[in-house]
Amino acid sequence: MPGTHRTHLRALFTVPLAIGLLGAAALPAGAAASPSPRAAKSLTCRGAGVDPAARVRHRAEILVHAPLRTVWKLQTDVERWPSWQAPVTTAERLDHGPLRRGSAFRWTTPVPPNPTPATRLDITSTVEQLRYRSCIRWTGPATGEGLHIDGVHVWNFTEVPGGVRVSTEETHTGPQVEADVPTATAILRRGLEAWLSDLKTTAEARTPHRPN
């Protein structure tokens, strides 16, 4: 039945791919994350952006009252993601040293009951483009038993009066998300904004004296 099919899809998409996939937790009160206008030019890093053909996409940004070095360190210290992002269960680098073009990392996140046998997602992300303290673009699949999603994720970091504007844009492709684009897009939006909110909260907590 159509109603049952939509319910099953909503259950499946409670965890979106956001460096891959992040939990679609509600934003805390006062969070500053907000979607950018749909007509805005897509984000890029060294000239490369998200998948232009993807039907599931979202862009959002937030102002973080913290130094750029703090925000950049949090975002690129992949192995410590689980310490400030509850939906990230494990995270490991597949190479060593500072995050750079060609760096890869593997991480996992649980999946709630859904129409597939999957109980968790294994994500392998590869950095395709990076400019130090300016932008990152990575790609990679999220896979579970009977489930596959491909994502492209771009991050921009811009120093502004009072801190850093963090902008992010992501696209998803795959049969499960493409079966219900509005639902998949809504869940992606919540996941991206929750990620931005966690980044803001953590960075600001590590900044006793906020930048002017």
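Helix α4 is mostly covered, with 18 of its 25 residues buried. The model is predicted.

**View 1. Helix α4 spans 36 Å from its first C-alpha to its last.** The helix has 25 residues. Its reach is close to the 36 Å expected at 1.5 Å a residue. Of the 25 residues of α4, 18 are buried.

**View 2. Helices α2 and α4 cross at roughly 125°.** Helix α2 covers residues 68-76, and helix α4 covers residues 181-205. Their axes come within 10 Å. The crossing is right-handed. On the α2 side, the contact is made by Thr70, Val71, Leu74 and Gln75. On the α4 side, Trp195, Leu199, Thr202 and Ala203 take part. By class, this contact has 5 nonpolar and 3 polar residues. Charged residues are absent from it.

**View 3. Helix α2 is largely enclosed by the rest of the structure.** The reason is burial: 7 of the 9 residues of α2 are buried. They are Leu68, Thr70, Val71, Trp72, Leu74, Gln75 and Thr76. Buried here means under 20% relative accessible area. These buried residues pack against strands β4 (56-64), β7 (120-131), β8 (135-144), β9 and β10. They also pack against helix α4. Thr70, Val71, Leu74 and Gln75 are buried, and these four also make the α2 side of the contact with α4.

**View 4. Gly162 sits in the loop between β9 and β10.** Strand β9 covers 147-160, and strand β10 covers 163-173. Gly162 has a relative accessible area of 9%. The cut-off for buried is under 20%, so Gly162 counts as buried. Gly162 and Val64 are 98 residues apart in sequence. In space, the two are 8.0 Å apart, C-alpha to C-alpha.

View 5. Val160 and His65 are 95 residues apart in sequence. Their C-alpha atoms are 9.6 Å apart in space. Leaving aside neighbours within four places in sequence, Val160 is in contact with Leu63 and Arg165.

Conventions:
Residues numbered from 1 in each chain as written. Predicted model: local features only at pLDDT ≥ 70, side-chain atom pairs only at ≥ 80, totals over all residues. Heavy atoms only, no water. Axes fitted to C-alpha atoms, helices over the stretch in contact; angles between N-to-C directions. Helix = DSSP H or I, 4+ residues; strand = E, 2+ residues; numbered from the N terminus. Left-handed = near helix turned anticlockwise from the far one by under 90°. Contact = heavy atoms within 4.5 Å. Nonpolar A, V, L, I, M, F, W, Y, C, P; charged D, E, K, R; others polar. Expected span 1.5 Å × (residues − 1). Buried < 20%, exposed > 50% of the residue type's maximum accessible area, 1.4 Å probe, protein only.
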